[in-house]
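Please keep the viewer open as you read.

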Amino acid sequence: MSTPDESSKRARLEFSAASGDPKAMHDLGYLFETATPPERDEARKWYELAIAAGYTDAYFRLGYLLNDSVAQQDQLTAIGWYQKAAAHGDRIAMFNIGILSEYRLAPPDYPAARHWYEQAANAGHTNAYYRLAYILEQRVTPPDRVGARHWYEKAAETGDARATFNVGYLYETDDPPNYPAATQWYEKASAAGYENADYAVGFMLDKRITPRDVAAARRWYEKAAAHGDARAFYALAELAEKDNDPMTLVLYERAAANGSASAMNWLGHHLWMRSSGRNAAAATAWFERSAANGFAMAKSNLVKIGVAPAPPEGQTPVVPSIRPEIVPAPAALGLTASETPTGIRAELDAVIDDSPYRHNAFRLSGLPTDANGRLLRKRVTEIDATERLGVPVAAATLLPVPLPPEPGEVKAALNQLREPNHRLVQELFWLWPERDGAPISGDLDALERTWLARLPDATAAHNLAVLRHIQALESPRGAHAETWLDALTAWDIVLGAPDAWAWLRARTEAIGDDRSGTAALAELRAALPAALLHLHANLIVRAAVTGDRKSAELHLDVLTRFADQIKGRSGSFDAATVDSVRDAAVRKLAAHTRTLSDDASRAIKSAPKDAGATAERLLDSAKLPLLVIDGLRPVTDPIGSGAHDDLVRMAIACDVAQFNETRSVATSLNILERIGPLATTPSIRDRLAVEWAATAGSQIAGLCAAARDKTDGDPKQGLQLARELLEDTRIPLARMRSAPKPDEENIGRASDRIATAAINCVVGYFNETSELAATAEQLDRIRPLAVGAEALEYLHNQDKVLAGIRAKRDEAKRLVDTCWFCERRTKVEAAQYRVGLHNNVTRQGNVRRWNSLHVDVPRCQECKSAHAPGAAISALARFFGVIASMALFFGLLGGLFSEGHPASAFATAGVGLVVGIVCIMAISANKEAPDRAHKYPRVEQLLAEGWSRGERP
C-alpha cells in the first residue's frame, strides 16, 4: 500500500512518462521496482520504454532488475543490459557482469569474469580489485600469482582485510616461501580485524619461522581461540601436550567443541588407548563425530575398532545412471494455482507416508493408469469372482508387489479411485502408457533400456522414476545410493517437462471432476519435490529410531549427493527444498530424543538407584538419532543443537541422581565422558564443565583415600603410590580449574587433600626404607600443591624432620670420610690410625683370655706423617724407660743392702731416675695422637660400653 505522497509522485511520473519524458519513464520504473511489494513486471516495462526513448541510465536498472532472477535466460539478458551500461562507462555494471559470470551462470564463465573485473578495476571500482585477484589466483590456468598479488595489494590499500590476508597467503605458498613476509602481512590483516589471521600468525611463529617463538605463537593462538577458532584450540592443545600440561585434555575438548575433527579423533584415541581404562562407548562417539566431519583417520579408526565395515573396493552402480542434465522448468505449464487448497497435497503426503507404491491401486489390480470406469468395474467383478472361488488375485505382470494382495485389499484400493485427487496421485506413482497409448508390456530390462535411450522424454523419465523408486524400495538395488539418485533425477526431469503436465491435464479432463482440475495440478507440482524428498526423510527417521545405521547413512548420502547435483542448476528441486526436508527430519528426531529424555526422567524418579543404567540406556538409544541430526544439519542448527542440549541435561540429571544414591564416581566419569561428544552449545558445555568440576572433586577424594589405604597396607609402595596419585589427579584438578566460574576455595581444598595424602604415602615409604633422597625428591614434587595452612604446616614438619636426619647423616658421613685429627683433609685408607681395645678378661690358672678389636680412625696422609716422629720417640722412650727403671731399682738395691753402701750404686740409681723422668716426659709429650684417637665417637662409644684401651690387658 502506497502513501499519499507516493501516489502523488507516481501520478506525476505517469503523466510525464505519457508525455514522452524518458527520465520520468526511468524513475517510474524505479518506483515500481522499489515498491513494497516490488512490481517487477511494471518496472521492467517502464525501463524498456525509457531505453527505447534513448535514456541510457535505464540500461543498468534493467540489468539490475533481472539480476536476481534464477532463470539462466534472465541472467544472460541482464548481462546484455549491463554491457550496454558498461559501454557508457558504468563501472558498477562492469563489476556486476563479472559477478554474474563468476557466480550465476551455469557453468561459470571465468574468462568473462576476469575481463569485466579488469575493466571495473581499471575504472576504479575498488571492490573489483579483490574479485580480480581471486580470479587470477584461483580460477585461471595456470594461476597468475604475480597479478593476483598486485591486485590483492591494491585492495589491501583500500582497507580490505581479506585481501591483506591473501597477500600473506601468497607469500607463504610461494616457491620458495617467504615466511617472514607472510607473517608481516598476516599481522596487518589481524590489525585490520581479519580474525583468521590470528591463527595464521601463530602458525607461522610456531611451525614456519626459524627459530620458533613458541611463547609468541601461544599468544596468537589464544587470541584466535578467543573468537572460537577451532584450529587455534587444537594448536594450544598440541603445545600443552608437548609440555605434559594437565590442561591438554580440556583444550582438545574445547577444540572439538568448536568443530575440530582432528581434536575429536584425538579424544577418541585417548579414551580408547588410555592406561587407566578404556571407555569404548565414549571413544566410539568421538570417532563417529570426527568421521561425520570428514576426518579420514577417524573413519579408519572406526573400521579398526570394528564399529564400521571396511569400504568396498571398486564398487560400481548396479543400474545404469540416468543422464544428470536437469531440464529447466518452462515459464508456464498451463497450470493455474488457487488460493484455496484443493486437498491434493494431503493426498500426496498420505501416500508418501504410507508408501507410494506398496498399495498403489493400479499396481495391485494390474490395470493401466488410463483405465476408464468400465475397466475398473470389470476388474472389481473379476476380483469378486476370485474371492468367491477362494483363489489368489492374479499378480501384475510388471513389478508385482512382494506379497500377493488379498482380494479385499485390491477392491478397497480400486474403490478409493472414485475420489479424483486420490486417483490423480495414484496415477502419478505408477507406469504411464506409451506415447501412442499402448499399454506397458514386455521385458522389464528391455523397457528400461528403451526409456533410458528416450530421455529426456517425459513419459520415459516418469516410468524410469517409478521403476527406480520401486527397485530402491523393494530390491537389493536399494542398498546403493545410485538407484535412489536415478529416481530423484528422473523425477526432476518429469517436474520440468511440459509434456508430463500436459498428460496429467488430459487425465484430469478424462476423470471429469472439477476437484482435480489445473488448480490441483498446480498444487501437486508445487508440493511434489518436497514430498519426494520427504520419502528419504521418513526413511532416515525410521532407520535412526530403529537403530538401522546402514540405512540411515545411505539416505543421508543420497540427500547430500542430490543437493550437490542440483546446486547451481535450474530445476524443480532447489537447495531450499532440500533444507526444508532436512529440517523436517531433524524436528522428528528431536521430538524422538525428547521422548527418550522424558522416559529417562520418569525412570530416575521411580528408581533413582538405577539412574546410572538409565543414563546408559538413554545415551545408547539417542546415539544414532543424534548422529543423524548432525548429518542432516550443522551443529549450529537451533533444533539439532536443542536436541543435543536436552539430552545432555537429562543425562546429567541421571548422573546426579545416581551419585546421590550410590556415590559411584566411576559411573559418573563414564557418563560424563559419554556426554562429552554430545554437548554442542556453549551453555550446555558450561553446564557439563560444572558437573565435571563437581565429579572431579569427588574423584580426587577417592584417589587420596585409596592411596592412603594402600600405603597403610604396604608402606614400601608409598613412594610409587604418591607418584601415581600426583599423576592421576592432574586431570581432575584441571577439570576443576576449567569450570566457567572456578571455585578457588574448593580447588584449594582438593589441592591440599592431594598434597597431604601424597606426603602421607611418602612418610610411610621413608619410615619403612629410610630412603632419604627419593623421599625429598617426591616432597619437592608435592610442594606446589600445598596451599592451605594445615597442608603447609604438615609439609614444613616433614621438611624439618628430613633436615634433621640429613644433618645427622651428613655428620656421620663426614666422620667417616674426613681426617679426625685435622678435620679438614679427606681420609686416606692407608693412613688410618688403628686403635686397639679389649674386654672380658678372664683367667683360668696361669692363662688369661680376652676379646679384642680395633677401630680404624680416619686420618689423612699429612697427619700420619706428622704423627710418625712422635711415635718413634715414644717407642725409644719406653725402651730407655725400662732400662732406667731397672738401673734405679738395682742401684737402690745395691746401695741400700750392700756393705758400705757404695756410691756407685747410688749413682746408678740416680742416673736411672733421671733417665726415667726424661722418658716419662717424652712419652707424655707424644700422647696427643692416641688421646685424639680415643675421642673418636666410635671408640668413645665402645669405651663407654666397657671396653678398655689396648688390644690386650
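What is the volume of the second largest pocket? The second largest pocket has a volume of about 890 Å³. This is a predicted model, in which local features need pLDDT of at least 70 and side-chain atom pairs count only at pLDDT 80 or more, while totals for chains, interfaces and linings use all residues. Residues are numbered from 1 along each chain as its sequence is written, and side-chain values use heavy atoms, with hydrogens and water left out.

**The pocket**

Lining the second largest pocket are 27 residues, and the closest to its centre are His270, Arg274, Ser276, Asp728 and Ile731. The elements that give two or more residues to this lining are α15 (248-257), α16 (261-273), α33 (665-675), α34 (682-713), α35 (718-728) and α36 (730-737). Helix α33 supplies the largest share, five residues. Helices here are DSSP runs of H or I with at least four residues, and strands are runs of E with at least two, numbered from the N terminus. A pocket is an open set of points on a 1 Å grid over the protein atoms alone, with protein on both sides within 12 Å along at least five of seven lines; a cavity is a set where a 1.4 Å probe fits but cannot get out, and lining residues have an atom within 4 Å of a point. Points are joined across faces, edges and corners, and a volume is the space filled by probe spheres set on them.

**The cavity**

The structure holds one cavity of 30 Å³ or more. The largest cavity has a volume of about 140 Å³. Of its 14 lining residues, Ala285, Lys623, Arg674, Pro677 and Leu678 are the closest to the centre. Two or more lining residues come from each of α17 (280-292) and α31 (611-632).

The table sets out both linings by class, where Ala, Val, Leu, Ile, Met, Phe, Trp, Tyr, Cys and Pro count as nonpolar, Asp, Glu, Lys and Arg as charged, and the others, Gly among them, as polar.

| Lining | Residues by class |
|---|---|
| Second largest pocket | 11 nonpolar, eight polar and eight charged residues |
| Largest cavity | eight nonpolar, one polar and five charged residues |

Gln471 is found in helix α25 (residues 458-474). With a relative accessible area of 8%, Gln471 is buried (buried is under 20%, exposed over 50%, partly exposed in between, using a 1.4 Å probe and protein chains only). Its side chain and that of Arg477 are joined by a polar contact of 3.4 Å; such a contact is a pair of N or O atoms within 3.5 Å, one able to donate a hydrogen and the other to accept it, and residues adjacent in sequence count only if both atoms are side-chain atoms.

Arg849, in strand β2 (residues 847-857), is partly exposed at 47% relative accessible area. The side chains of Arg849 and Gln844 make a polar contact of 3.0 Å.

**Backbone details**

Most residues other than glycine have a negative phi, and most peptide bonds are trans. The bond from Thr210 to Pro211 is cis, with omega near -5°, and the bond from Leu455 to Pro456 is also cis, with omega near 5°. Pro211 lies in the loop between α12 (196-208) and α13 (214-226).

Ser770 has a positive phi, near 60°, and sits in the loop between α37 (744-769) and α38 (772-782).
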